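Here is a short tour of a structure for you to follow in your viewer.

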Amino acid sequence: QVRLEESGGGWVQPGGSLRLSCAPSGRTLSRSSVMAWFRQAPGKEREFVAAVRGSDGNSPVANSVKGRFTISRDRAKTTVFLQMNSLSPQDTAVYFCAFRDRSSLPIVSAMPDPRTYDYWGQGTQVTVSS
C-alpha cells in the first residue's frame with residue numbers, strides 16, 4: 001500500500017502564493033508512474049488541477065489554473081510540487097494528491113481522469129480570503 005504524504009496547505013490572502021508537496025512513501029516517480037493534483041470545493045465535484053508523468057515530464061494543467069499554477073518534481077523524483085500563484089477565493093478547496101504506478105503508462109488525455117489513479121492522499125486545505 002502506498003501512502004501519499006501531502007503538505008503545504010493553509011490560508012493565504014488573494015493574490016498570494018502557496019506551494020503544495022506530495023511524496024509517495026517509499027516510491028519514486030518511475031517512468032511508468034503519474035502523479036496529479038485534484039481539488040474539491042464545498043458543494044462541488046472533485047476537479048483536475050495538474051499532473052506530471054514520470055516518463056517524459058508531460059504535465060497537463062487545467063485551464064482554470066493555467067498560467068498561475070505549475071506542477072514540478074524534484075531531481076530525485078521522490079516529491080511532486082504544486083506552485084500556486086495569484087491565488088483567488090475561487091481556488092479555495094481541499095487539494096488531493098493522486099498517484100498511479102503500473103506497468104502501463106497512461107496516455108496524456110487520461111491524466112485528468114480521476115479513474116487513472118490508484119492512490120489518493122488525505123487532502124490538504126487551501127483557503128484564500130481576505
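Which cysteine forms a disulfide with cysteine 22, and how far apart are their sulfur atoms?

## The disulfide

Cysteine 22 is linked to cysteine 97, and the two sulfur atoms lie 1.9 Å apart. Keep in mind that this is a predicted model, so the distance is a computed value. The link is left-handed, with -85 degrees about the S-S bond. Because cysteine 22 belongs to strand β3 and cysteine 97 to strand β8, the pair ties together parts that are 75 residues apart in sequence.

Both cysteine 22 and cysteine 97 are buried. If you go looking for another such link, a search of the whole structure finds one disulfide.

## Strand β3 and its sheet

β3 takes part in an open sheet of four strands with the order β1-β3-β7-β6 and antiparallel pairing. The edge strands, β1 and β6, each pair on one side only. From one strand to the next, the twist averages 15 degrees.

## Who pairs with whom

On one side, β3 runs antiparallel to β1 (residues 4–7), and four bridges join the two. Here you will meet cysteine 22 again: this residue of β3 is the bridge partner of glutamate 6.

Five bridges join β3 to β7, again in an antiparallel arrangement. Leucine 18 has methionine 84 of β7 as its bridge partner, while serine 21 stands opposite phenylalanine 81 in β7.

## The nonpolar core

In soluble globular proteins, nonpolar side chains tend to be buried together. In this model the largest nonpolar core has 36 residues, and those with the most contacts inside it are Trp37, Val49, Phe69, Leu82, Met84, Tyr95 and Tyr117.

Which residues does valine 49 touch, leaving aside its neighbours within four places in sequence? Valine 49 is in contact with Trp37, Phe38, Arg39, Pro60, Val61, Ala62, Val65, Phe69, Leu82 and Tyr95.

Methods. Residues numbered from 1 in each chain as written. Predicted model: local features only at pLDDT ≥ 70, side-chain atom pairs only at ≥ 80, totals over all residues. Heavy atoms only, no water. Core = buried A, V, L, I, M, F, W, Y, C linked by side-chain atoms within 4.5 Å. Buried < 20%, exposed > 50% of the residue type's maximum accessible area, 1.4 Å probe, protein only. Contact = heavy atoms within 4.5 Å. Pairing = 2+ DSSP bridges. Disulfide = S-S within 2.5 Å. Axes fitted to C-alpha atoms, helices over the stretch in contact; angles between N-to-C directions.
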